[in-house]
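I opened this notebook to keep track of what I looked up in one structure. The entries follow the order in which I went through it.

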Amino acid sequence: MIELDGVPELVDPVMVAAFEGWNDAGDAASTAVAHLDREWKGEVFAALDAEDYYDFQVNRPTVFLEGGARKITWPTTRLSVVRIGGDKPRDLVLVRGIEPSMRWRSFCNEILGFAHELGVEMVVVLGALLGDTPHTRPVPVSGVTSDPDLARTMDLEETRYEGPTGIVGILQEACTHAGVPAVSLWAAVPHYVSQPPNPKATLALLNRLEDLIGLRIPLGELAEDARAWQLGVDQLAAEDSEVAEYVQTLEEARDTAELPEASGEAIAREFERYLRRRDPGPGAGPGGHATESGDGSYLRDTSSGRTRPPKPTRPDTGPGPGPVSGTGSGPARGTGSGPGPGPTPGEAPGEAPKDTPKDAPGDASADSPQDPPDDAPGDSSEDSSED
């Protein structure tokens, strides 16, 4: 039984979750939730028992010194709550962690247990995939759900994906079976510059989340980081004629496919965001309160799963782009693992995996057996890094 005596009653709470690993190209999704937690000063109130869900030979604990004493940080998933004031207050429950290595149904059971006890009205899971999208264009963000009524009322795509999935897909399906409305938002990251961080994709996810839940999200320096990231990739791509030519090909394909998007609906959507940012909007409320974790009671199971692939190596510098490689014929290649070309956010309720299929052009990694779904939904929303 989960007891949350230390957490006050929340106002219209929405749970926002993201997991590092298979579903997190460029670390865009996990960075988005970390940004929400930092800007709204969320406080952790629960952490899942790492011993139950993680293979420590894959996700190793880290040792650090604090006041001369050695301490260990274990890989896990933590929950925090942020209280947002203003004229229309709405609280958020943030879930941030690593895709579990085993017992996925029990893992979702615990998350749903907290959602039930806190009165969560909707779960939004963020993900990011690698695809054939040029870095010079707005980041495609697709909102998908397996609930046909929710798809109709919230202008989302109804997923038709069939194939391998990750924890984002499992959690969304668990929510659906438990009667909790659930949505996945997917950002497409250029596969030829896959190294984290990718502030432009993070910004696009936050903009789409802002539209979905009706909250103004403080962006801090994220917009400037996104501009700096794009400028850095521009410079790297310009140094290789083959890369520049490939990017131009992606731009032409994207522009041709999206001519209908230059519509009144798309313009109205951007104008509404502009007006929201001119208004004061709700202020940042105080953070949540700490409490103890417990057990859920929705989807008990003791089955185990495979471990996630290793994360791409982080660059040593800040928000700048990772290297762009393109010495051979064809497109440039990122060194991180990720899905093949083609923005396939329609994997929701599953994820767009971060491992690239063997037949994906322009990416040397080939440690994943799956191909992007053929019936992925179209791009339901496109958010730019610049307001």
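**Basis.** I am working with a predicted model, in which local features need pLDDT of at least 70 and side-chain atom pairs count only at pLDDT 80 or more, while totals for chains, interfaces and linings use all residues. Residues are numbered from 1 along each chain as its sequence is written, and side-chain values use heavy atoms, with hydrogens and water left out.

**Confidence.** I looked up pLDDT, the predictor's confidence in each residue on a scale from 0 to 100, and found a chain average of 74, with 65% of the residues at 70 or above. Residues 281-320 stay under 50, and for them the model has 120 contacts beyond four places in sequence, contact meaning heavy atoms within 4.5 Å. Residues 325-387 are also below 50, and this stretch has 221 contacts beyond near neighbours in sequence.

**Fold.** I noted nine helices and twelve strands in the chain; these are DSSP runs, H or I over at least four residues for helices and E over at least two for strands, numbered from the N terminus. Of the 387 residues, 53% count as buried, where buried is under 20% relative accessible area, exposed is over 50% and partly exposed is in between, with a 1.4 Å probe and protein chains only. Among contacts with a separation of 6 or more, 82% join residues 24 or more positions apart.

**Cores.** Which residues have the most contacts inside the largest nonpolar core? I found Val-16, Leu-92, Leu-126 and Leu-185, in a core of 42 residues; such a core is a set of buried Ala, Val, Leu, Ile, Met, Phe, Trp, Tyr and Cys residues joined through side-chain atoms within 4.5 Å. Helix α6 (residues 199-213) gives the largest share of this core, eight residues. A second, separate core has 39 residues, including Ile-98, Phe-107, Ala-174 and Cys-175. Returning to Leu-126, I left aside its neighbours within four places in sequence and listed its contacts, among them Val-16, Ala-29, Val-168 and Leu-185.

**Helix α5.** I then went through α5 (residues 167-177), whose buried residues include Ile-167, Val-168, Leu-171, Ala-174 and Cys-175. The buried residues of α5 pack against β1 (14-20), α3 (104-118), β7 (122-131), β8 (139-145) and β10 (182-190). Gly-179 follows α5 and has a positive phi, near 80°.

**Salt bridges.** I counted seven salt bridges, each a side-chain nitrogen of Lys or Arg within 4 Å of a carboxyl oxygen of Asp or Glu. In one of them Glu-66 pairs with Lys-71, their closest N and O atoms being 2.6 Å apart; Glu-66 is partly exposed at 44% relative accessible area, and Lys-71 is partly exposed at 35%. Asp-149 and Arg-152 form another, at 2.7 Å from N to O. These two are three residues apart in helix α4 (residues 148-153), so about one helical turn separates them. Asp-149 is partly exposed at 44%, whereas Arg-152 is exposed at 59%.

Where is Ile-72? I placed Ile-72 in strand β4 (residues 69-73), and at 45% relative accessibility Ile-72 counts as partly exposed. Together with Val-63 and Trp-74, Ile-72 makes a nonpolar surface patch of about 290 Å². Patches are made of residues with over 30% relative accessible area and no salt bridge, like charges being joined within 9 Å and nonpolar side chains (Val, Leu, Ile, Met, Phe, Trp, Tyr) within 5 Å.

Definitions and conventions: Accessible areas come from the Shrake-Rupley method with a 1.4 Å probe; for residues, only the protein chains shown count as cover.
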